[in-house]
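Student: I have a model open and want to know what stands behind its labels. Can we take them one by one?

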Amino acid sequence: MAKVKSKVRLDKLIAKCTDLTRSEATRALKNGFVKLNNIPQKQGKTMVDLKNDVVTFDDEILEYRETIYFMLHKPKAYVCAAKDERLKTVLDLLPPALASREPFSCGRLDIDTTGLVILTDDGTWAHGITSPKRKCEKTYLVGSASELSLEDMKELEEGVYLDGDDKITAPAKIEKIDAKTYRLKITEGRYHQVKRMFEAVGNMVKSLHREQIGDLILDEDLAEGQWRDLSTEEVAFFN
Ligand code: URA
């Protein structure tokens, strides 16, 4: 997690807390939209004491955060990317002031997968989730085309060769919920991994939903498309 700063430049604060770029923030300052402790400020280089000063933009108080950490309940039909020519991205689900910080997904989901996505703009922290060395466990609820045999389940747990890869998958855990529903826990993040694992045992994934990453469980109060900030404790899961 990034070090907490005590002071920050006013133009940087405005750019981080609104959907304005740094140069638009400079213009907003010149045009008198910004007040520091109720006094209009025109200088972007003015330092703000984050503990004691109050900054307003167009009379709205701005809450500065150096880095952002949140979970999103991803619906189908959205891609985990910053931009896409044709498709909607997870950033389209966020308010402009948050999306403009261009947070990235810590472990992407496919367009047709739903569930937990963690977003942040803190690259060092994200490493604690995505680095293969950390072996962070991801839990998926899988709807399959047909029932898995005990032998298939054993193979998936012990490791299978995915089409095109020369290394067997790391040990996984699988639990049968019903004939065509399984809970799968994996520690890797290979391309289309769950779908390819089911294909490796002659089955097919019909639906896929991520329930958990490490100790972080998708908040059941979040409907598809909704997001919330992570608590300090939740952020610390991945430090
Ligand atoms: N594995 C997949 O095949 N797809 C996902 O979206 C996530 C894991």
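Student: How many aromatic pairs does the structure hold?

Tutor: The structure holds 6 aromatic pairs. Rings of Phe, Tyr and Trp (its six-membered ring) pair if their centres lie within 6.5 Å. Keep in mind that this is a predicted model: local features need pLDDT of at least 70, side-chain atom pairs count only at pLDDT 80 or more, and totals for chains, interfaces and linings use all residues. Residues are numbered from 1 along each chain as its sequence is written, and side-chain values use heavy atoms, with hydrogens and water left out.

Student: Why is the pair of tryptophan 125 and phenylalanine 238 called edge-to-face?

Tutor: Planes under 30 degrees apart count as stacked, over 60 as edge-to-face and the rest as tilted. Here the angle is 90° and the centres are 5.7 Å apart, so the pair is edge-to-face.

Student: What does the pair tie together?

Tutor: Tryptophan 125 lies in helix α4 (residues 123–130) and phenylalanine 238 in the segment after α7 (232–236), so the pair ties together parts 113 residues apart in sequence. Helices (H or I, at least four residues) and strands (E, at least two) are DSSP runs, numbered from the N terminus. Tyr69, Trp125, Phe237 and Phe238 form one aromatic cluster.

Student: How do you know whether tryptophan 125 is buried or exposed?

Tutor: Buried means under 20% relative accessible area, exposed over 50%, partly exposed in between (1.4 Å probe, protein chains only). Tryptophan 125 has 1%, so it counts as buried. Phenylalanine 238, at 3%, is buried too.

Student: What makes helix α1 mostly covered?

Tutor: In α1 (residues 10–17), 7 of the 8 residues are buried. Among them are Leu10, Leu13 and Ile14.

Student: Why do β2 and β3 count as paired?

Tutor: Two strands pair if DSSP finds at least two bridges between them. Strand β2 (residues 34–36) and β3 have 2 bridges, so they pair, in the antiparallel sense. Proline 40 in β3 is the bridge partner of lysine 35.

Student: Which strands are at the edge of the sheet?

Tutor: The open sheet has 4 strands in the order β3-β2-β5-β6, with antiparallel pairing. β3 (39–40) and β6 (60–61) are the edge strands, as each pairs on one side only.
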